[in-house]
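Please report on how this chain is packed. Cover the strands, helices, cores and ring contacts.

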Amino acid sequence: MRAVKPKLIHEKSTPIRIPLSAPDITEAEIAAVTAVLRTPRLSLSDKLIEFENALAQFVAAGHCAACSSGTAALHLALLATGIQPGDEVIVPSFTFVAVANAVRYLGAIPVFADIDPLTLNLAPASLEAAITSRTRALIAVHTFGIPAPMSDLLEIARRHNLKLIEDACESLGGEHHGQKLGALGHAGVFGFYPNKQITTGEGGALVTSDPQIASRARMLRNQGRGTANEWFEHEEIGYNYRISEINCALGIAQLKRIDEILAKRANAAQKYFANLQNNSNLHLPPMQIAHGKISWFVYVVRLAEQFGAEDRDRVAAELQSRGIACGRYFAPIHRQRAYRDVPDRCMDLSVTDAVAPRTLALPFFNQITSEQIDEVCRALCEAL
C-alpha cells in the first residue's frame, strides 16, 4: 500500500512579507552584547545595576528591580505589595492574559471590570462598582500604550485603601500629565519582549518609589536570598526571575535610543491615521488624549459596528493571503478556556464583549516603511 505524505501545517501558506512586529537591533547593540560575552560575569553584575539605574532615571522612579519578563515583574509586584490568597484584584478582561494569571499565581481572585470605548482602558465607574470588602488592589493597564485615566484611578485607590499597580508593559515612554507611566502607582511593571518599544530579548522590570517594595522584589527574584550575599541562605520562598547581563546590555543600548524609537513609532501611527481616517468601516485609535502622551506599542483598528467576529476573521485571512501579518488583539480573558472553571468575578463587560470581536492589530514596528503602511492600508480597505 502506498504511503500517504502527511500534510504540513504551513504547506502552501503565503509567505509573510510584512510582519506584525520586528525587533530593531543596531550594530551598537550587537557590540554591547558581545562585550558582555567576553567577561566572566553573565548574571547579577554591573550591567544589571546599570540597566536598573538607567530605567529608574528614565521613568523618574526611585527604585528598579529588573527581572526575566513582564509577567515575572507583575507577579513580584503583587507579592511585594502584600496580596494574599483569597484577596480580590480588579483587572480589565480586555488585555493580555498574564495580567489575570499573575493574580491567580498567588491564589488571589481576578475581578474583571469593563473598559472605556475610546481608550480601551479600565473604566473608572466599572472599577469602582467592582470594589468589595475583599478588594485589595487594582491593576491599571495602559492598553496599547494609551495612558489609563490615572488621576481617577489613583483617587479611587486612595479612597478605598487599595494598592495600585501599573501594567506599563505596553507603554514605556508614555506620560500622564507630564509624569512617566509606571511611576505613578505603588509599583509599575515593564516588559521587554521583542515586539515592545525596546527589547532585551526577554525581560521585564518593576519600578517603585517604595524602597521596601523594591528590596522585597529583588529578594524574591533571586530565590528568596537576602542581602547577606550567602548563596545558600534563603529568607523566604522565592523564584528564579533573574535577568542576564546579556539582556541588560541590550536593554541599556536600546534605552539610549528611546526618544528616536518613540518618534519613529508615533510617525508610523500618524501615517496609518492619514491613510485610514476617512474609511467609515473603521474606528481608529485616538492620536492624542487630553491627559497624557501615547507611547505607540501597536496600531489596533476596530471594524465598525455592522461587522462581527467572522467578518474580522475574514479580513484577517485576506491580509494573510497577501503576505501581511495581523493580530486579533485581544481575546477577552473571561472568555478564555483557561478561565472557564476558575472562581473569578465579572462586572458588566458589555463594552469589552462588543469591542473585542472587531479588533485587528496591523503591522507596526520601528522600521516599517511608508510603502509598507500604504500597502497594508490598501489591502485592508479592499478586504473591508
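Strand β12 (residues 299-303) is largely enclosed by the rest of the structure, because five of its five residues are buried. Buried means under 20% relative accessible area, exposed over 50%, and partly exposed in between, with a 1.4 Å probe and protein chains only. Helices (H or I, at least four residues) and strands (E, at least two) are DSSP runs, numbered from the N terminus.

The model is predicted: local features need pLDDT of at least 70, side-chain atom pairs count only at pLDDT 80 or more, and totals for chains, interfaces and linings use all residues. Residues are numbered from 1 along each chain as its sequence is written, and side-chain values use heavy atoms, leaving out hydrogens and water.

Y299, V301 and L303 point one way from β12. V300 and R302 point the other way, and all are buried. Two strands pair if DSSP finds at least two bridges between them.

| Strands | Sense | Bridges |
|---|---|---|
| β10 (residues 282-283) and β12 | antiparallel | two bridges |
| β12 and β14 (residues 359-362) | antiparallel | four bridges |
| β3 (residues 109-113) and β13 | parallel | two bridges |

L282 stands opposite L303 in β12. V300 stands opposite A361 in β14.

## The open sheet and its helices

Eight strands form an open sheet with mixed pairing. Their order is β1-β9-β8-β5-β4-β2-β3-β13. The edge strands are β1 and β13 (345-346), and each pairs on one side only. F112 has C346 in β13 as its bridge partner.

α4 lies across β2, β3, β4 and β5 (163-167) and runs at about 150° to β3. α6 lies across β4 and β5, at about 150° to β5. Axes are lines fitted to C-alpha atoms, for helices over the stretch in contact, and angles run from 0 to 180 degrees between N-to-C directions. Contact means heavy atoms within 4.5 Å.

## Nonpolar cores

In soluble globular proteins, nonpolar side chains tend to be buried together. A nonpolar core is a set of buried Ala, Val, Leu, Ile, Met, Phe, Trp, Tyr and Cys residues joined through side-chain atoms within 4.5 Å. The largest one here has 35 residues, and L78, V89 and I139 have the most contacts inside it. Elements giving two or more residues to this core are β1 (63-67), α3 (70-80), β2, α4, β4, β8 (187-191) and α7 (211-221). α3 supplies the largest share, eight residues.

What does L78 touch, not counting residues up to four places away in sequence? Its contacts are I83, V89, A102, V103, L106, I139 and I165.

## Helix α8

Helix α8 (residues 245-255) is also largely enclosed by the rest of the structure, because 10 of its 11 residues are buried. The buried ones are E245, N247, C248, A249, L250, G251, I252, A253, Q254 and L255. They pack against α1 (27-37), α2 (46-59) and α9 (258-276).

## Rings and charges

Rings of Phe, Tyr and Trp (its six-membered ring) pair if their centres lie within 6.5 Å; planes under 30 degrees apart count as stacked, over 60 as edge-to-face and the rest as tilted. By this rule there are 10 aromatic pairs. One of them joins F94 and F144 edge-to-face, at 6.0 Å centre to centre and 85° between the planes. F94 lies in the loop between β2 (88-92) and α4 (98-105), and F144 in the loop between β4 (135-141) and α6 (150-159), so the pair ties together parts that are 50 residues apart in sequence.

Ring pairs link F94, F144, Y329 and F330 into a cluster.

A charge sits over a ring if NZ of Lys or CZ of Arg is within 6 Å of the ring centre and within 35 degrees of the ring normal. The charged end of K180 sits over the ring of F58, 5.0 Å from its centre. For R225, the charged end sits over the ring of W231, 3.4 Å from its centre.

## K293

K293 is in strand β11 (residues 292-293). At 42% relative accessibility, K293 is partly exposed. K293 and G174 are 119 residues apart in sequence, yet 5.3 Å apart in space, C-alpha to C-alpha. K293 touches P147, G173, G174 and E175, not counting residues up to four places away in sequence.
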